[in-house]
Amino acid sequence: MSQESVNAQAGISLANLEIFASTLETIAKADKDIYAVTSDSRGSGKLVSFGQQLPEQIIEIGIAEQNLVGVAAGLSSMGKKVFAVSPACFLTARALEQIKNDVCYSNNPVKLIGISAGVSYGALGSTHHSLHDFAVMRAIHNITVVAPADNFETAEAIRQAAQAAQPFYIRFGKKVMPLLSEEDKTFVFGKGRVIRKGRHIALIGTGETVYPALEAAGLLQQAGIEATVVSMHTIKPLDTALLASLAQHCEAILTVEEHSVNGGLGEAVASFLLQNQWHKPFKIMGIPDEYTVTGSQNEIFTHYGISASGIEQATLQLLQKY
Amino acid sequence: MTINELQLKSVEYRRKILQYIYHAKAGHTGGSLSIIDILNVLYNRILKVSPENWPSKTRDIYIQSKGHCVEALYVVLADKGFFPEDDLLSLCQYQSPYIGHPTKKIKGMEQNTGGLGHGLSICCGSALAAKKDDSSVKVFTVLGDGEMAEGSNWEAFMFAAHYKLDNLCAVLDYNKLQITAANADVMGLEPLDKKLEAFGWAVKHIDGHDVEALTNAFESLPFEKDKPSFIIAHTVKGKGVSYMENVLKWHHGVPNAEQFEIAMNELV
């Protein structure tokens, strides 16, 4: 039985980061072609155990993200299944040209793992935040962009990506994430997961913002508002069939993401809706285009309304406008 | 191929580089003429790679980091039979797969390069993978002197030495000119051999147009066990055409009809 199944049965939730590391170690023990490549990030990537158990399958690059991605591309071109693991902020900014050219354009199917993504590093400040990564990855051809929300999605994303012949960018944080659903055990890249259904509003989250959206749905229910909640774990390619269905069945749509409001999930959803003549009440929640407030991840989330009550309030405003 | 045959091949390749650049009215002329002897020796004497073993896992690997000099590589790959040479008449034309930088759309090309400072890191990954597999595959790259200013190259120099990649050989096409001016004026590289040695590489200087010296150097790889090898190949930008040699404007200058004829008359 997989670790996250054991955990789920015992009612234990962990950070997606922990699940990533244990899943990678499990699959790498069964496949010697799986490699973890790190930039002095095995500790922050929870890969210390991996390094001890599988020393031949972990490659240390040092703090050199450009070389990290280039080397990963070279290993991948030789048939290795490579997970390049580095804080999302550095991986997707410092090494962006290597991602664009050496991974995506050259089609070397590296799995880029952005750890401690979004504002996971909290008060360490903007140097350590990745609020741009969805935007830049969306503009690059030949990469699947994924932000798993809970332990189940994380484990599935890692397992399935390991077998995929295309490049992936998978990002998550280090906050403990409760399981979104005990029943729904389907995970397919490019297919959003509908966690609950309601006709008044569709709350579409990704990564660590799905859970507060689910909590908001509970609060809204008390006010007589029925919310659909979606974990849109795959930002690209976007599940446009699901979006069309939500537009058809819900009165309003709200997106929420741990990313700049520019260029991320919300604008991707808006682009689809507008270009397909779905003119619905619509709101993008995320981090505004400003110097991000200082605080822990929770404090930053709350400051910008990425919380149960914040999403509840935004929904009420949106529906009143309607 | 004998040394004499290699020398004749170099003349033939130079003529073809100019023919296709002249036809396309585009290309990196000076650098393609400075790199060509290195590619000639690699593909005709050293690399275990051919259309027949492509893309087997046992082929040797060449990744051109100075991607802009793709015309030289196209001409050599065509000569080796990877694709019909006439295809190059479409070089840089609308919808042609033969774009102005190396592209995996073309059989024989390992990676899409062109952004500078990328090739060596990829080679490091490939060479390490070969070591992990106990494979005898050797990995080669040619760098431009301008791109030596890219920090990513120096990250890769550290990596290759740290992992003792003696199955990796990097060649510098050291023609000493980049698009703006001489390297020495843009961003000085010297003392390059000392820098690379300090980074843990085994370094040799050779005349990058002397096919015999190139052959001997490549056949003596690795220069030192457990160290990556670096060849500082001293070259001349625009080599073989008198009015192009060491003249900056031929970085990506295209000859007119009269200049083309002069060049063809010189390359015999």
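**View 1. A right-handed β-α-β unit in chain B.** Strand β2 (residues 139-144), helix α5 (residues 151-162) and strand β3 of chain B make up this right-handed unit; right-handed here means that, with the strands pointing away from the viewer, the path from the first strand over the helix to the second runs clockwise. Helices (H or I, at least four residues) and strands (E, at least two) are DSSP runs, numbered from the N terminus. The model is a predicted one, where local features need pLDDT of at least 70 and side-chain atom pairs count only at pLDDT 80 or more, while totals for chains, interfaces and linings use all residues. Residues are numbered from 1 along each chain as its sequence is written, and chains are lettered from A and ligands numbered from 1 in the order in which they are written.

**View 2. Strand β3(B) and its two partners.** β2(B) and β3(B) run parallel, joined by 6 bridges; two strands count as paired if DSSP finds at least two bridges between them. Leu143(B) sits opposite Leu172(B) of β3(B). Another 6 bridges tie β3(B) to strand β5 (residues 229-234) of chain B, again parallel, and here Tyr174(B) stands opposite His234(B). How many of the residues of β3(B) are buried? The count is 7 of 7 for this strand, residues 168-174, where buried takes 20 or more other C-beta atoms within 10 Å of a residue's own, exposed 12 or fewer, and partly exposed is in between, with C-beta atoms placed from the backbone. In a regular strand, side chains alternate between the two faces of the sheet. Both faces of β3(B) are covered, with Leu168(B), Ala170(B), Leu172(B) and Tyr174(B) on one side and Cys169(B), Val171(B) and Asp173(B) on the other.

**View 3. Lys227(B), in the loop between α8 and β5 of chain B**. Lys227(B) is partly exposed, with 19 other C-beta atoms within 10 Å. Leaving aside neighbours within four places in sequence, its contacts include Ala161(B), Lys164(B), Asp166(B) and Trp201(B); contact means C-beta atoms, placed from the backbone, within 7 Å. Ser50(B), by comparison, is 177 residues apart from Lys227(B) along the chain, and their C-alpha atoms are separated by 27 Å.

**View 4. Two helix pairs in chain B.** Packed helices are described by the angle between their axes and the distance between the axes. Helix α2 (residues 29-46) and helix α3 (residues 70-79) of chain B pack at about 35°, axes 8 Å apart; axes are lines fitted to C-alpha atoms, for helices over the stretch in contact, and angles run from 0 to 180 degrees between N-to-C directions. The crossing of α2(B) and α3(B) is right-handed, that is, the near helix is turned clockwise from the far one by less than a right angle, anticlockwise being left-handed. Among the residues that meet are Ile35(B), Ile36(B) and Leu39(B) of α2(B) and Leu73(B) and Val76(B) of α3(B). By class, this contact splits into 7 nonpolar, 2 polar and 1 charged, with Ala, Val, Leu, Ile, Met, Phe, Trp, Tyr, Cys and Pro counted as nonpolar, Asp, Glu, Lys and Arg as charged, and the others, Gly among them, as polar.

Now the second pair: helix α1 (residues 3-24) and helix α8 (residues 211-219) of chain B cross at roughly 120°, their axes coming within 9 Å. The crossing of α1(B) and α8(B) is right-handed too. Ile3(B), Leu6(B), Gln7(B) and Ser10(B) of α1(B) meet Val211(B), Glu212(B) and Thr215(B) of α8(B), giving 3 nonpolar, 3 polar and 1 charged residues.

**View 5. The 7-stranded open sheet of chain A.** The strand order is β2-β1-β3-β4-β6-β5-β10, with mixed pairing. β2 (58-60) and β10 (234-236) of chain A are at the edges with a single partner strand each, so one side of each has no neighbour in the sheet. The twist averages 20° from one strand to the next. Inside it, β3 (residues 81-87) and β4 (residues 111-115) of chain A run parallel, joined by 5 bridges, and Phe83(A) has Lys111(A) as its bridge partner in β4(A). Helix α2 (residues 16-29) of chain A packs on the sheet, touching β1 (34-38), β3 and β4, with its direction at about 140° to that of β1(A).

**View 6. Where chain A touches chain B.** The contact takes 20 residues from chain A and 18 from chain B. On the chain A side, α4 (65-77) and α6 (96-105) each supply at least two residues. The largest share, 9 residues, comes from α4(A).

Methods: Contact = placed C-beta atoms within 7 Å.
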